[in-house]
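Visitor: Please walk me through this model, and say what each term rests on.

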Amino acid sequence: MHTYTNFRWGLSGERQEMDVRDGRVVERRNTLTNVSSASDRVTDLGGKFLLPSFIDAHCHILPTGLDLNKLHLDGATSKEQVLQMVRDRHRSQPDGWLIAVHYNQTQLEGGVHLTLSELDSITAERPVLLEHVNGHACVANSAALAAAAVTEDSPDPAGGTYRRDASGRIDGVLLERAYEHVIGASPMPSVEDMAIAIVEAGKKMAEYGIACASDMSTGFFNLEHELMAYCLAAKMGSPIHMRLYLQWGQVFGPRAVPKERLAELLDAVAAQPTLRVDGIKIFADGGISSATAAIYGKYQTKNPPRKQKGPTERITDGQLIYAPDKLNMMVQTVHDAGYKVAIHSIGDYSTDLVFDALERTGEPHRHRIEHAMILSDSQIERMQNLNCYCTFQPEFLLRLGKAYRLQLGEERASCLIRSRSVLDAGIRVSMNSDRPIVGGDPWDGIAAASDRPREYDPTENCTRAEAIYCYTAAAADVNGDKGEMGDLLPGSLAHFQILESDPLAGP
Ligand SMILES: [Zn+2]
């Protein structure tokens, strides 16, 4: 047995010591006097602070790993700067598709998108794609469009747009399904390359003190290959535990992986001690920065308001991915199959429909709602009654605030992510990153939740201790790992981090 003594518990400052055997906590106590006689090793931590390792219960592990090798455009503040970065990358890495990530036109001087012809001025032969940080749009050059067989005569795909200039020509800005179609033409990594990317993403997260992460879109590219890659990554020694949420359509839809094959793959996952499939992911709406989250009222930027049919006519805006009946059916299917469902819902209109769907299952407490960024008081009360899990991504407030204010206006944007109200209601909320959309350092999220940037309502601040709890014990709970990790209570995995300074005192 290994005893760690003379540390301060990061959530209270109390002096403690902890016995660990075979990687699990035997006891953690508030006294330093009785180092157990069974201890064969004692480590004096000299008054440093100790916390459970973080758990990132909503992120995208494989995409994080794949993005590590792409050109990162964060920090660019002008079109010229973006073009220079693309030009440099084109010279230094001349082969294959040139894919850049974290493109965000709202951070650029003037706030307008780059265009196809600007990218073509660097290269028109090699496909170039700038992926928007919100994951719902990109800018492509003509070689990328050609690779996806898109021509000037191509009609917009259902649920997507090839934006056109005043003369009617495609200008390179691709929205939603149009973006997915073109990026779909880029070469797919092999299972082995995916596994390497997963391990690399895990290393990056481990550097942030994260010991377990949930991939919230397994099957986004190809479920069969991705499950094989996650198994391989676990075998290769991924430094973190991983929980997987499978895309609904890949499990239940018409293009689902055949049942017998899926069963085989799930058996292979179950054989890996650090890996588990924990649920099914459904997208109910889009995002705020692209004006596709389904909200009551309207966005300030575009989309003529739509009247919602029915007895209570309210104006709504944005995009429901599924009609309510379809969403109800999808949620019930997951529930009946015994899985947990995790539903992406950002707008308040969408969230009402998600609540309806969860309520119909009769056991809403088993399921989770992801993001829930816009919540009214009555919706918080309803969530409290449903007792479903809720996950927040506070780092969004630091990175995407400009776009939120642009779309929603200052007042509405200021109330996003109501940590204080949701915690006061006793809702089981966890906090997580959604990387690779953001950098994903949990300390950034903790700071954003406990000391909201000045554009946001400060009465929704939680305490640092609460935010740390939301990144550890509460995150274990939403992942189905309560008692297994996140609290360093007896019996749990001894995943911990040692800190030089008091985590409650600020950065
Ligand atoms: Zn996500």
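**Domains and helices**

Guide: Seven residues of domain 3 are in contact (heavy atoms within 4.5 Å) with 12 residues of domain 4. This is a predicted model: local features need pLDDT of at least 70, side-chain atom pairs pLDDT 80 or more, while totals for chains, interfaces and linings use all residues. Residues are numbered from 1 along each chain as its sequence is written, and side-chain values use heavy atoms, without hydrogens and water.

Visitor: What area is buried between domain 3 and domain 4?

Guide: About 840 Å², with 52% from carbon and sulfur atoms. Buried area is the accessible area (1.4 Å probe) that two parts lose on being put together, summed over both. On the domain 3 side, Thr106, Val133 and Asn134 supply 45% of the area buried against domain 4, more than any other three residues.

Visitor: Which residues make up domain 3 and domain 4?

Guide: The domain assignment gives 97-183 for domain 3 and 284-485 for domain 4. Their centres, taken over C-alpha atoms, are 29 Å apart.

Visitor: Why is H10 called oblique to H11?

Guide: The axes of H10 (residues 324-336) and H11 (residues 348-360) cross at roughly 40° and come within 9 Å. That makes H10 oblique to H11. Under 35 degrees counts as roughly parallel, over 145 as roughly antiparallel, 65 to 115 as roughly perpendicular, and the rest as oblique.

Visitor: Which residues of H10 meet H11?

Guide: Pro324, Leu327, Asn328, Val331 and Gln332 in H10 meet residues of H11, including Leu353 and Arg360.

Conventions
Axes fitted to C-alpha atoms, helices over the stretch in contact; angles between N-to-C directions. Helix = DSSP H or I, 4+ residues; strand = E, 2+ residues; numbered from the N terminus. Domains from an automatic or database assignment.
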